[in-house]
Amino acid sequence: MAFSEKRAEIMREDLGFQPGLSEKRMFGGIAFMLNGNMACGVIGNGAMFRVGKDREAAALELGAEPLSFTGQKMGGMVELDEGAFLDDDLRRSLVEMSLFNAASLPPKG
């Protein structure tokens, strides 16, 4: 499934300038990496966020859904569908959680 470039641009605005931020095509979408670690990304018309297992419950409580590519939950990962993606406060909170998580990991490559 192709990703929405419009949604990717919204995510870029939410991420702002972050030293070490890069983009990589993954999962049929685009992932935003911080120091080589995936923080979040756009898939289809929605988005995925690697908030980490410590913040997963808080992300779900905010309104995110568990991420499941294969039908099995992926720990520490949540997603927003097309409608929830448009909730600016929710999306920005998840971006912040994702950046915090990625910054806590050792840099890659």
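Colleague: In which sense do β4 and strand β6 pair, and over how many bridges?
Modeller: β4 and β6 (residues 77–80) pair in the antiparallel sense, over four bridges. Strands here are DSSP runs of E with at least two residues, helices are runs of H or I with at least four, and both are numbered from the N terminus. Two strands pair if DSSP finds at least two bridges between them.

Colleague: What is the bridge partner of R50 in β6?
Modeller: That's M77.

Colleague: Before we go on, what are we looking at?
Modeller: This is a predicted model, where local features need pLDDT of at least 70 and side-chain atom pairs count only at pLDDT 80 or more, while totals for chains, interfaces and linings use all residues. Residues are numbered from 1 along each chain as its sequence is written, and side-chain values use heavy atoms, with hydrogens and water left out.

Colleague: Okay, what's the strand order in the open sheet?
Modeller: The six strands run β1-β2-β3-β4-β6-β5, with antiparallel pairing. β1 and β5 (65–66) are the edge strands, each pairing on one side only.

Colleague: Now α1: which of its residues are buried?
Modeller: R7, A8, I10, M11, D14 and L15. Buried means under 20% relative accessible area, exposed over 50%, and partly exposed in between, using a 1.4 Å probe and protein chains only. The face turned away from the buried side carries the exposed residues K6 and E13.

Colleague: R7 is an arginine, so how buried is it?
Modeller: R7 has a relative accessible area of 8%. Leaving out residues up to four places away in sequence, R7 touches V42, N45, E82, F85 and L86, where contact means heavy atoms within 4.5 Å.

Colleague: And at what angle do α1 and α4 pack?
Modeller: α1 (residues 5–15) and α4 (residues 88–103) pack at about 60°, with their axes 10 Å apart. Axes are lines fitted to C-alpha atoms, for helices over the stretch in contact, and angles run from 0 to 180 degrees between N-to-C directions. I10, M11, D14 and L15 of α1 meet R91, R92, V95 and L99 of α4.
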